[in-house]
Amino acid sequence: SRDRKQKITDQIAQLKYKEPNSPKIVVLEQELVRAEAESLVAEAQLSNITREKLKAAFTYQFDALREHSEKLAIIAGFGKHLLELVDDTPVTPGETRNAYDGYEASKAIIQDCEDSLTNWVEQNAAVSSKLSTRTRTLSQRRRQNRADGEGVDLSGQDQSMRGDRESGLWVPADQHRTGEAYDDEDEEESQVGRGREEERAEAA
């Protein structure tokens, strides 16, 4: 794992700093090589599984979204058929509108709608996603490149992590630059100066 690799790297850096000639350094470096190899295998397997599950999950989601949308379109279509049964003929004041006589037709339309929803299958979807010629060409080219073994080199994404000591960024405490001594007199003079400026401002 990455934690194990980092732990071994830290141990090597510590030994190189304290005991540069320690024979344990060679042993730890060999162990680090094995840990990196195991990590590469584990991360490759994890990447493969992650991509496989990701594609499967989104396939289910997009299929469900498509089915939901298609069935909404079916309901909307039969809903418009129901609207056709509503008599919207204008009437004059005092004229009696004819009683609604579309009960049987309404039941038949609703039944047809339910049957259409029940019997819907993806193969009969009304909406299809057609790729443009340019997109198909790019997709085919990408598949061909993958078949030929061409791809992006990701081998450099798992570089060994180096400690600050080995990189030269770490500095021992006894080599730190000491800060300048604190001067009480300078602080007192500064306070006196600020007091005089405030007095001048009040007088003005």
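Which pattern does the protein chain follow when read along the sequence? The pattern is α-α-α-α-α-α, and the chain has 6 helices and 0 strands, where helices (H or I, at least four residues) and strands (E, at least two) are DSSP runs numbered from the N terminus. This is a predicted model, in which local features need pLDDT of at least 70 and side-chain atom pairs count only at pLDDT 80 or more, while totals for chains, interfaces and linings use all residues. Residues are numbered from 1 along each chain as its sequence is written, and side-chain values use heavy atoms, with hydrogens and water left out.

**The chain as a whole**

Of the 204 residues of the protein chain, 12% count as buried, a word that stands for under 20% relative accessible area, with exposed meaning over 50% and partly exposed in between (1.4 Å probe, protein chains only). The accessible surface comes to about 17,700 Å², and 52% of this belongs to carbon and sulfur atoms; such areas come from the Shrake-Rupley method with a 1.4 Å probe, and for residues only the protein chains shown count as cover. Among contacts (heavy atoms within 4.5 Å) between residues at least 6 apart in sequence, 67% join residues at least 24 apart.

**Charge on the surface**

Patches of charge are made of residues with over 30% relative accessible area and no salt bridge, with like charges joined within 9 Å. Lys and Arg count as positive and Asp and Glu as negative, whereas His and the chain ends are not counted, and the place of a charge is NZ of Lys, CZ of Arg, CG of Asp or CD of Glu.

| Patch | Residues |
|---|---|
| Positive | Arg51, Lys55, Arg142, Arg143, Arg146 |
| Negative | Glu84, Asp87, Asp88, Asp101 |

The elements that give two or more residues to the positive patch are helix H2 (24-84) and helix H4 (133-147), and the largest share, 3 residues, comes from H4. Arg51 is found in helix H2 and is exposed, with a relative accessible area of 58%.

**A buried charge**

Glu70, which is also placed in helix H2, is buried yet has no salt bridge, a term for a side-chain nitrogen of Lys or Arg within 4 Å of a carboxyl oxygen of Asp or Glu. The nearest side chain of opposite charge, Arg66, is 4.7 Å away. Leaving out residues up to four places away in sequence, Glu70 touches Trp120, Ala125, Ala126 and Val127.

Note on methods. Patch = residues over 30% accessible without salt bridge, like charges linked within 9 Å, V, L, I, M, F, W, Y side chains within 5 Å.
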